[in-house]
Amino acid sequence: MILVHHLRIGRSVFTVWLLEEMGLDYELKIYDRNEIGRAPPELKDAHPLGKSPVIEIDGFTLSESGAIAAYLIAHHDKDGSFAPPGDKPGWAEWTQWLHYSEASAFAPLLLKLLLSREQAPKPALISMFASGEIALQLGYIQDFLADKAFILGENFSVPDIGISYICHMADRLGELAPYPKLAAYLERTSSRPAFKRAMERTGG
Ligand SMILES: N[C@@H](CCC(=O)N[C@@H](CS)C(=O)NCC(=O)O)C(=O)O
């Protein structure tokens, strides 16, 4: 059995979404944030960083959304339908988009989130950096998505989970309006039955 340590409300719902897409059995241990939006100390009993998602699987503990997704696909994909493409360029593109969401794409959104909690005057250098980087990253995703239904083509693939998380965060921060293709994409991915099941089971 897979145990997911899920912190409400946050990115671990996207790990649960992958488990739902893959049709895997799992249990949830749900934590609520404290009054300043941080994880409670009990999450450090699951993993020293005290962040979520963390999963217990196959007798060990694993953290980091991208690593968890890669592990699930490598070791728990019953019929191989979630595997990356076998050819070198296809594999490289899939892997880049899998890891990009938690790396370059997320960093400026985190800055923006923290800035939104700061009293005025906001630090100008950080504000300028965050705005410029958000435009760069969202513009890059929208250009790559273009008129495709999903990030890597007409079919859903695992990197769509992280990219949807980025779009979701951008939407939450009021940054998605200039990117209509990303807004439509988010609508499309969020309407998947597996995502809805993940939302229902976790509470967000
Ligand atoms: N890069 C990590 C980020 C983990 C992370 O920062 N999770 C947030 C939840 S969205 C968290 O646990 N925050 C609570 C805290 O830092 O107190 C991943 O992909 O899993």
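Two strands are taken to pair if DSSP finds at least two bridges between them. Helices (H or I, at least four residues) and strands (E, at least two) are DSSP runs, numbered from the N terminus. The model shown is predicted: local features need pLDDT of at least 70, side-chain atom pairs count only at pLDDT 80 or more, and totals for chains, interfaces and linings use all residues. Residue numbers start from 1 along each chain as its sequence is written.

**View 1. An open sheet of four strands has the order β2-β1-β3-β4, with mixed pairing.** The edges are formed by β2 and β4 (60–63), each with a single partner strand, so one side of each lacks a neighbour in the sheet. Neighbouring strands of the sheet are turned against each other by 20° on average, direction ignored; axes here are lines fitted to C-alpha atoms, for helices over the stretch in contact, and angles run from 0 to 180 degrees between N-to-C directions. In a regular strand, side chains alternate between the two faces of the sheet.

**View 2. Strand β1 (residues 2–8) pairs with strand β2 (residues 26–32) in the parallel sense, over seven bridges.** Within this pairing, Ile2 of β1 stands opposite Tyr26 in β2. Together with helix α1 (residues 12–22), β1 and β2 make a right-handed β-α-β unit. A crossover is called right-handed if, with the strands pointing away from the viewer, the path from the first strand over the helix to the second runs clockwise.

**View 3. Strands β1 and β3 (residues 54–57) run antiparallel and are joined by three bridges.** The bridge partner of Leu3 in β3 is Glu56, and that of Val4 is Ile55. Ile55 also has a bridge partner in β4, namely Leu62.

**View 4. The hairpin of β3 and β4 has two residues between the strands.** Four bridges join these strands, which run antiparallel. Asp58 is found in the loop between β3 and β4. The phi of Asp58 is near 50°, a positive value in a residue other than glycine.

**View 5. Helix α1 packs by its axis within 10 Å of that of helix α6 (residues 159–172), and the two axes cross at roughly 150°.** That angle makes α1 roughly antiparallel to α6; angles under 35 degrees count as roughly parallel, over 145 as roughly antiparallel, 65 to 115 as roughly perpendicular and the rest as oblique. The crossing of α1 past α6 is right-handed. A crossing is left-handed if the near helix is turned anticlockwise from the far one by less than a right angle, and right-handed if clockwise.

View 6. Pro121 is placed in the loop between α4 (88–116) and α5 (124–145).

**View 7. The ligand is surrounded by residues including Ser52 and Pro53.** Also among them are Leu7, Gly10, Arg11, Arg38, Ala39, Lys51, Glu64, Ser65 and Glu102. A residue is near a molecule or strand if its C-beta atom, placed from the backbone, lies within 6 Å of it. By class, the shell has three nonpolar, three polar and five charged residues. Ala, Val, Leu, Ile, Met, Phe, Trp, Tyr, Cys and Pro count as nonpolar, Asp, Glu, Lys and Arg as charged, and the others, Gly among them, as polar.
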